[in-house]
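Dear colleague,

I am passing on the structure we spoke about, and it is shown just below. After it come my notes, which begin with the chain as a whole and then turn to single residues.

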Amino acid sequence: AKLTVTENLARGDLLGFETLRTEAGGADTSVANQPLDDAGEEGILSLRRWSDADTTVQEHIYLQFDLSKCPIPKQQIDRTVLMLTLEEGSHQGRSTVKAYGVPDGSLPSWEDTGPRPLTWDQVPSRDGVESLPLLAQTTLDNAGDALAQVVDAVRIFGPDLDDFLRSAPGDMVTIVLVREEVAEAPTRFRAKEGKREKAPALAFRQR
């Protein structure tokens with residue numbers, strides 16, 4: 001009988017994978033449909049979805065990676081894992097985080113620090129994500145803040161993410177993250193400002 005080994009990319013060491021973080025020529029930022037008190041907190045990316053009688057808050061994360069800095073050619077990508085480090089003060093319950101691909105050329109040139117920030121009225125997810133390709137998703141349970149500061153503990157992966165990166169027309173690729181759950185508390189991650197080893201990352205394995 002043929003033995004089939006199913007990999008568990010959600011846990012354990014990613015042996016044979018090379019890591020590319022947003023701090024290597026990329027960018028990461030949060031955009032929201034209204035001003036938020038903690039939205040500009042340095043080094044933090046946050047996802048939010050919340051409604052009450054007066055307010056509807058949507059906050060999305062945009063991640064940009066420079067694949068020219070990837071240690072392997074993109075056409076030779078076998079598997080990819082998007083990795084994030086959760087911050088303290090995040091939503092304590094379950095969070096389903098979905099990653100969507102942003103088509104090349106659909107964003108203006110932007111910087112996460114500097115004179116050209118990304119704003120809500122510029123992003124394709126402002127009208128909903130239905131028009132964007134869903135790449136992968138994960139559900140994390142942060143009960144008791146158990147995942148806070150565990151480096152790269154949140155992992156998002158799937159064949160559509162692999163295909164999106166392999167077939168990217170240019171070196172700069174952009175992924176937008178949204179949260180499914182409606183909850184007042186944000187789901188917060190470490191950005192590239194601050195501890196660089198906790199910045200959002202793509203881990204690649206070569207074919």
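What does the secondary structure of the chain come to? It comes to one helix and 11 strands, where helices (H or I, at least four residues) and strands (E, at least two) are DSSP runs numbered from the N terminus. Read from the N terminus on, the elements follow the order β-β-β-β-β-β-β-β-α-β-β-β.

Please keep in mind that this is a predicted model, in which local features need pLDDT of at least 70 and side-chain atom pairs count only at pLDDT 80 or more, whereas totals for chains, interfaces and linings use all residues. Residues are numbered from 1 along each chain as its sequence is written, and side-chain values use heavy atoms, with hydrogens and water left out.

The chain as a whole

For 207 residues, a compact globule would have a radius of gyration near 17 Å, and the chain agrees with this because its own value is 17 Å; the radius is taken over C-alpha atoms, and the globule rule is 2.2 Å times the number of residues to the power 0.38. Along its principal axes, the C-alpha trace spans about 60 × 40 × 35 Å.

Of the 207 residues, 50% count as buried, a term that means under 20% relative accessible area, while exposed means over 50% and partly exposed is in between (1.4 Å probe, protein chains only). The chain exposes about 10100 Å², of which carbon and sulfur atoms supply 46%; these areas come from the Shrake-Rupley method with a 1.4 Å probe.

Where contact means heavy atoms within 4.5 Å, 82% of the contacts between residues at least 6 apart in sequence join residues at least 24 apart. 

The helix

In helix 1, which covers residues 159–166, the buried residues are Leu-161, Asp-162, Phe-164, Leu-165 and Arg-166. What covers them includes strand 5, strand 6, strand 7, strand 8 (154–156), strand 9 (172–179) and strand 11.

Glu-87 lies in the loop between strand 5 (77–84) and strand 6, and it counts as buried because its relative accessibility is 5%. Its side chain makes a polar contact of 3.1 Å with the side chain of Gln-149; a polar contact is a pair of N or O atoms within 3.5 Å, and within protein one must be able to donate a hydrogen and the other to accept it, with residues adjacent in sequence counting only if both atoms are side-chain atoms. Not counting residues up to four places away in sequence, Glu-87 touches Ile-44, Asp-145, Ala-148, Gln-149, Arg-188, Phe-189 and Arg-190.

Gln-149 itself is in the loop between strand 7 and strand 8, and at 24% relative accessibility it counts as partly exposed. Although Gln-149 is not a glycine, it has a positive phi of about 70°. Asp-152 lies in the loop between strand 7 and strand 8 and, although not a glycine, has a positive phi of about 60°; at 10% relative accessibility, Asp-152 counts as buried.

Two residues between strand 6 and strand 7

Asp-104 is found in the loop between strand 6 (94–102) and strand 7 (134–141), and its 56% relative accessibility is why it counts as exposed. Leaving aside neighbours within four places in sequence, Asp-104 is in contact with Pro-169 and Met-172. The C-alpha atoms of Asp-104 and Ala-168 are separated by 7.9 Å, although these residues are 64 residues apart along the chain.

Trp-120 is also placed in the loop between strand 6 and strand 7, but at 17% relative accessibility Trp-120 counts as buried. Apart from neighbours within four places in sequence, its contacts are Val-31, Ala-32, Asn-33, Gln-58, His-60, Ser-125 and Arg-126.

Lys-192

Lys-192 is in the loop between strand 10 (183–190) and strand 11 (201–206), and it counts as buried because its relative accessibility is 16%. A polar contact of 3.4 Å joins its side chain to that of Glu-193. Not counting residues up to four places away in sequence, Lys-192 touches Thr-22, Glu-23, Gly-26, Ala-27, Asp-28, Asp-112, Ala-199 and Pro-200.

With kind regards
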